[in-house]
Structure formats: structure tokens, C-alpha cells
Amino acid sequence: MSLIILKTNIDSWKVPAIEPILDFHSSIESWSIDTEDIDNVLRIEAKDEFGEADAIELVNCFGFCSEPMDDNVVYLIA
């Protein structure tokens with residue numbers, strides 16, 4: 001498992017639009033968006049084959065903006 005952390009433009013009123021996309025993706029185990037954070041931080045716990053670039057492409061192709069955090073690190077979860 002890996003933990004992907006992204007900066008997004010997903011405000012609280014946009015969460016319902018992205019929710020089904022993230023909920024039903026076969027490589028995503030769990031996710032959360034901190035809409036109280038200035039960066040609207042998206043955290044994704046995913047299978048190892050789903051990386052940061054995949055997450056950015058998925059979010060961006062649905063009309064949202066996402067990018068790596070400045071000090072983003074992908075964590076492996078045992």
C-alpha cells in the first residue's frame with residue numbers, strides 16, 4: 001500500500017462530485033480531503049501499482065486541479 005498526498009482545488013462543495021470517482025476506483029483503498037486546509041489536501045491510500053502520477057491524472061481528467069505537495073513523499077504502508 002502507498003499513501004499519496006496532493007494539493008487540490010476540491011472545496012467542500014466539490015467533494016460530492018469527486019466522491020464516486022474515488023470510491024469506486026479499483027486501486028484506491030481509502031481517501032479523504034481536508035477541506036479545512038488551505039491546500040484542500042487529498043490523501044489517498046492505494047495499491048502499490050497506483051502512484052502519484054496516476055492520482056494526479058485521475059483527479060485532473062475530471063476537471064479538478066491537483067499537484068504534489070511541495071514536500072510530498074509517497075509512504076509505503078505495511
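## Overall fold

Of the 78 residues of the protein, 37% count as buried. The model is a predicted one. Two helices and five strands make up the secondary structure, and from the N terminus on the elements follow the order β-α-β-β-α-β-β.

## Helix H2

Ala55, Ile56, Leu58 and Val59 of H2 are buried. These buried residues line one face of the helix, because they fall within an arc of 165° when H2 is seen down its axis. An α-helix has 3.6 residues a turn, so residues three or four places apart point the same way.

The other side of H2 carries exposed residues, namely Ala53, Glu57 and Cys61.

## Negative patch

A patch of negative charge on the surface gathers Asp48, Glu49, Asp54 and Glu57.

Glu49 is placed in the loop between strand E3 (41–46) and helix H2 (52–61). Glu49 counts as exposed because its relative accessibility is 57%, and the cut-off for exposed is over 50%.

## N-terminal segment

Met1 belongs to the segment before strand E1 (2–8). With a relative accessible area of 30%, Met1 is partly exposed, since that class lies between the cut-offs of under 20% for buried and over 50% for exposed.

Met1 and Lys47 are 46 residues apart in sequence, while their C-alpha atoms are 4.7 Å apart in space.

Terms used: Residues are numbered from 1 along each chain as its sequence is written. This is a predicted model: local features need pLDDT of at least 70, side-chain atom pairs count only at pLDDT 80 or more; totals for chains, interfaces and linings use all residues. Side-chain values use heavy atoms; hydrogens and water are left out. Patches are made of residues with over 30% relative accessible area and no salt bridge: like charges are joined within 9 Å, nonpolar side chains (Val, Leu, Ile, Met, Phe, Trp, Tyr) within 5 Å. Accessible areas come from the Shrake-Rupley method with a 1.4 Å probe; for residues, only the protein chains shown count as cover. A salt bridge is a side-chain nitrogen of Lys or Arg within 4 Å of a carboxyl oxygen of Asp or Glu. Lys and Arg count as positive and Asp and Glu as negative; His and the chain ends are not counted. The place of a charge is taken as NZ of Lys, CZ of Arg, CG of Asp or CD of Glu. Helices (H or I, at least four residues) and strands (E, at least two) are DSSP runs, numbered from the N terminus. Buried means under 20% relative accessible area, exposed over 50%, partly exposed in between (1.4 Å probe, protein chains only). The arc is that of the directions from the helix axis to the C-beta atoms.
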